[in-house]
Amino acid sequence: GRVRKIFFLSMFCAGMSGVATVSAFPEIPGNRIEASQLRESCFQSDQTPNYLFCMSYIGGVLDGIAVGNLGSQVHEFPYLPFCGPDDATLKSFVDVVKAEMLLRPKDVEELSAAVFIRAVLTEKYPCDPWITDKVVK
């Protein structure tokens, strides 16, 4: 098998869509962007300001996951990990999120962008939560 990077989320999440629901996740007031708003940006032509916003927002979520990873190690917060492939790029994560936006229109209309992205990545890249020696620091 291929080696995977492990990201830990400082959140409780059971999936989304018909599988389960996303439970409470703290969001910063005034910083909430709906998944439907992000969808509008993500489906613009490459290199347009809106598309670059989409990529930057998803990149910020990935950075937040890395910070959550450190917090869960230091403070023993509950976490739900996801493992991305070593050869993953920001564009590949964007492509996964965009594909799921098309498959899950109800979730796009009901969830914030951050919660949607985290739930998609957790579902698409599951990993063993007991692996701690490969945690990205």
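Mentor: Gladly, and we start with a term: buried means under 20% relative accessible area, exposed means over 50%, and partly exposed lies in between, using a 1.4 Å probe and protein chains only. Helices (H or I, at least four residues) and strands (E, at least two) are DSSP runs, numbered from the N terminus. This is a predicted model, where local features need pLDDT of at least 70 and side-chain atom pairs count only at pLDDT 80 or more, while totals for chains, interfaces and linings use all residues. Residues are numbered from 1 along each chain as its sequence is written, and side-chain values use heavy atoms, with hydrogens and water left out.

Trainee: Which residues of α3 are buried?

Mentor: They are F93, V94, V96, V97, K98, E100 and M101.

Trainee: What span should helix α3 have?

Mentor: The expected span of a helix is 1.5 Å times one less than its number of residues. Helix α3 covers residues 90-103, which is 14 residues, so it should span 20 Å; its end C-alpha atoms are 20 Å apart, in agreement.

Trainee: What pattern does the protein chain follow along the sequence?

Mentor: The pattern is β-α-α-β-α-α-α, with five helices and two strands. Of the chain's 137 residues, 43% count as buried.

Trainee: Which residues have the most contacts inside the largest nonpolar core?

Mentor: A nonpolar core is a set of buried Ala, Val, Leu, Ile, Met, Phe, Trp, Tyr and Cys residues joined through side-chain atoms within 4.5 Å. The largest one here has 28 residues, and L38, Y57, I58, F116 and I117 have the most contacts inside it. Two or more residues come from each of α1, α2 (49-75), α3 and α5 (113-124). The most come from α2, which gives eight.

Trainee: What does I117 touch?

Mentor: Contact means heavy atoms within 4.5 Å. Not counting residues up to four places away in sequence, I117 touches L38, Y57, I58, V61 and V97.

Trainee: Is V108 buried or exposed?

Mentor: V108 is buried, because its relative accessible area is 0%. V108 is found in helix α4 (residues 105-110). Leaving aside neighbours within four places in sequence, V108 is in contact with A35, S36, R39, M101 and F116. From V108 to R39 there are 69 residues in sequence, yet their C-alpha atoms are 7.8 Å apart in space.

Trainee: And where is S41 found?

Mentor: S41 is in helix α1 (residues 35-42). S41 counts as buried because its relative accessibility is 8%.
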